[in-house]
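Please look through the structure below before reading on.

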Amino acid sequence: MAAAGLFSLICIAGGGVIARQILLTKAGEKIVAALRTRLFENILRQEAEFFDKTRTGDLVTRLTADVQLVQSALTTDVVNGVRSIIMVAGGSSLLLVTSPTLTAISLISLPPVFMAARHFGAQIKKLQKEVQEELGMTTTKAEEVISNLKTVRSFNGEILEAREYEEKVHRVRDRAIAAGIKGAYLDGSVHVAANAGLFAILAVGSSMVGVGGGGEITPGDLASFLMYSLFVAGNVASLSTLYGSLQKTKGAAGRIFELIDREPLIQSGNGELEGQQALGVSFQNVGFAYPTRGEVPVLNGVNLEFPPGSHTALVGSSGCGKSTMGALLLRLYDTTEGSIRVGGEDIRDLQTQALREKVAVVQQEPVLFAVSIKKNIAYGRSDATEEEILQAADAAKVTDFAKTFPEGLDTMVGERGVKLSGGQKQKVAVARVLLRQAPIVLFDEATSALDAESEHAVSTAIGSIESLYGNKTTIISVAHRLSTILRADRVAVLEGGRIVELLEGDIDVEALMEDPQSPFGKLIRRQKL
Ligand SMILES: Nc1ncnc2c1ncn2[C@@H]1O[C@H](COP(=O)(O)OP(=O)(O)OP(=O)(O)O)[C@@H](O)[C@H]1O
């Protein structure tokens with residue numbers, strides 16, 4: 001009967017183990033999923049300045065390794081901790097019942113335990129934070145080298161890169177070992193303090209038993225007291241190990257929550273831009289310096305109107321701030337001085353999403369995603385029909401080169417579009433923007449990677465799309481390509497951070513080249529075009 005009863009109890013305990021494992025796994029995985037999602041969503045909300053300052057690897061480490069540490073702490077560590085606390089509480093009550101005097105004496109081991117936990121705990125937390133930061137740098141390095149392996153290889157950089165990676169890995173290792181050593185000191189000190197308590201109990205307890213027995217307590221009581229004390233000391237020791245591990249987690253959790261709680265510096269306004277009509281853009285006394293290089297002004301009192309439906313070429317030498325004007329128009333950064341208006345509204349008063357819906361950009365270095373050509377085009381507008389996608393692909397001459405691939409528009413382009421040529425990538429980016437049908441179109445030297453014939457085809461396509469979808473305000477920023485400049489009906493010259501010349505109507509290039517006062521003439525002469 002007793003054996004059967006015991007077996008039933010074991011079965012119930014087994015069921016408890018199963019339930020605990022299942023519940024812990026569920027809780028842990030749900031915590032990880034929720035943390036990752038919230039973290040990722042908040043990373044995406046951050047302003048461009050944040051990404052100028054933060055390394056990608058650091059963010060990836062927060063999403064992976066840091067979250068993983070928190071998961072194990074919140075499941076395994078917390079459960080073990082609760083169990084040890086119950087054991088310590090239960091064991092202590094037994095101690096109290098057996099001998100209140102000896103229990104009071106055993107308490108002398110507690111202050112050193114707390115002191116050790118405080119002292120080493122703080123150091124472990126700091127070191128673990130450093131481990132996670134160094135891990136972030138290691139991830140950044142690996143990601144940079146692997147995604148640019150062709151460049152690394154062409155410069156015979158493999159050995160150098162492997163050595164740099166090794167150095168970073170060693171820094172992670174050294175910090176992790178240092179944290180482990182502090183943990184070991186914590187465990188060791190707790191062990192000594194807890195066992196010193198046992199010695200005190202033995203010394204005082206034996207005198208309480210008295211020579212030959214007959215004292216305050218029986219030898220049996222002392223033996224039980226010592227056994228309970230060992231049990232309590234063992235659980236206090238495992239609590240200290242858990243405390244060390246919780247301190248590690250605090251380092252990682254701090255990094256996660258600092259980012260989950262971070263409010264982006266660029267806050268969206270509430271205004272909306274209704275309708276699909278052409279919108280004008282106006283730069284009013286705009287001054288700007290990149291926050292990471294605050295002492296170097298890039299723009300300085302830029303005044304420029306882009307009337308609705310106008311086609312403006314923004315011309316200026318390399319690095320003069322043309323792309324920066326585009327970034328400001330998209331409100332990736334806020335102007336340091338002055339304001340930018342779209343459709344008469346200050347862009348700081350508009351919802352950032354509403355603003356970006358109205359501006360389509362072909363970037364200087366177009367970025368494609370690791371999906372098919374067609375999906376990359378469809379990224380331009382989520383509700384576009386198949387027909388519209390094909391129309392955009394045709395207009396930007398994507399169909400011409402895609403039909404030479406066995407899978408046509410369904411060809412996968414590889415990570416960042418590595419399986420396409422520079423010009424092909426740019427054509428896909430143009431198709432994506434054509435599909436977007438935004439009233440303001442920004443070409444950041446979009447035609448630089450296109451050959452003359454494709455460039456002509458693309459600009460004609462833009463014209464035809466325009467006649468299909470209505471007038472667009474286009475801004476083409478271009479360093480020197482005269483054929484592109486002349487296709488615009490206005491030319492604005494950017495120099496020294498301000499607009500120094502605005503040409504409208506028929507542009508007589510020959511005369512301007514002769515004119516020593518004309519910045520545009522000077523620019524063209526310098527470029528020898
Ligand atoms: N994220 C950034 N952080 C700090 N400085 C930057 C950043 N982006 C650009 N700059 C600096 O701002 C200046 C203007 O750059 P911008 O890209 O606007 O030039 P650009 O006229 O478009 O040049 P290009 O014709 O060569 O593309 C440059 O001196 C550049 O080094």
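The domain assignment divides the protein into domain 1, covering 9-260, and domain 2, covering 281-527. In this predicted model, the C-alpha centres of the two domains are 53 Å apart. Their contact involves 5 residues from domain 1 and 6 residues from domain 2. On the domain 1 side, helix H2 (residues 48-53) supplies the largest share, with 4 residues. Sorted by class, the residues on that side of domain 1 are 1 nonpolar, 1 polar and 3 charged.

The overall dimensions can be read next. Taken along the principal axes, the C-alpha atoms fill a box of roughly 120 × 55 × 50 Å. The radius of gyration of the protein is 35 Å, whereas a compact globule of 529 residues would have one near 24 Å. Of the 529 residues, 34% count as buried. The protein has 18 helices and 10 strands. Among contacts between residues at least 6 apart in sequence, 80% join residues that are at least 24 apart.

How many of the residues of S8 are buried? The count is 6 of the 6, so strand S8 is largely enclosed by the rest of the structure. In a regular strand, side chains alternate between the two faces of the sheet. In S8, Thr473, Ile475 and Ser477 point one way, while Thr474, Ile476 and Val478 point the other way, and all are buried.

Two strands that pair with S8 can be followed from here. Strand S3 (residues 311-315) pairs with S8 in the parallel sense over 5 bridges, and valine 315 has valine 478 as its bridge partner in S8. Strand S7 (residues 440-444) also pairs with S8 in the parallel sense, over 5 bridges. There, phenylalanine 443 stands opposite isoleucine 476 of S8.

Alanine 492 leads back to some of these residues. Alanine 492 lies in strand S9 (residues 490-495). Is alanine 492 buried or exposed? Alanine 492 has 26 other C-beta atoms within 10 Å, and therefore it is buried. Leaving aside neighbours within four places in sequence, its contacts are Leu304, Thr312, Leu314, Val315, Ile499 and Leu502. Lysine 472 is 20 residues from alanine 492 in sequence, and their C-alpha atoms are 18 Å apart in space.

A separate sheet is built from 4 strands. The sheet is open, with antiparallel pairing and the strand order S2-S1-S4-S5. Its edge strands are S2 (297-306) and S5 (345-346), each of which pairs on one side only. Strand S4 (residues 337-342) meets S5 in the antiparallel sense over 2 bridges, with arginine 341 opposite aspartate 346 in S5.

Strand S1 (residues 281-289) of this sheet contains asparagine 285. Asparagine 285 has a positive phi of about 50°, although it is not a glycine. Asparagine 285 counts as partly exposed because it has 14 C-beta neighbours inside 10 Å.

The ligand site comes next. Which residues are closest to the ligand? Of the 15 residues that surround the ligand, the closest are Tyr290, Ser318, Lys322, Ser323 and Thr324. By class, this shell has 4 nonpolar, 8 polar and 3 charged residues. Helix H9 gives the most to the shell, with 3 residues.

Helix H9 (residues 322-329) is itself mostly covered, as 6 of its 8 residues are buried. The buried residues of H9 are Lys322, Thr324, Met325, Gly326, Leu328 and Leu329. After H9 comes arginine 331, whose phi is positive, near 55°.

Asparagine 156 has a phi near 50°, a positive value in a residue other than glycine. Its place is in the loop between helix H6 (149-154) and helix H7 (158-209). Why does asparagine 156 count as exposed? Asparagine 156 is exposed because it has 8 other C-beta atoms within 10 Å, and a residue with 12 or fewer is classed as exposed.

How values were computed. Residues numbered from 1 in each chain as written. Predicted model: local features only at pLDDT ≥ 70, side-chain atom pairs only at ≥ 80, totals over all residues. Buried ≥ 20, exposed ≤ 12 C-beta atoms within 10 Å, placed from the backbone. Pairing = 2+ DSSP bridges. Domains from an automatic or database assignment. Contact = placed C-beta atoms within 7 Å. Nonpolar A, V, L, I, M, F, W, Y, C, P; charged D, E, K, R; others polar. Near = placed C-beta within 6 Å. Rg over C-alpha atoms; globule rule 2.2 N^0.38 Å.
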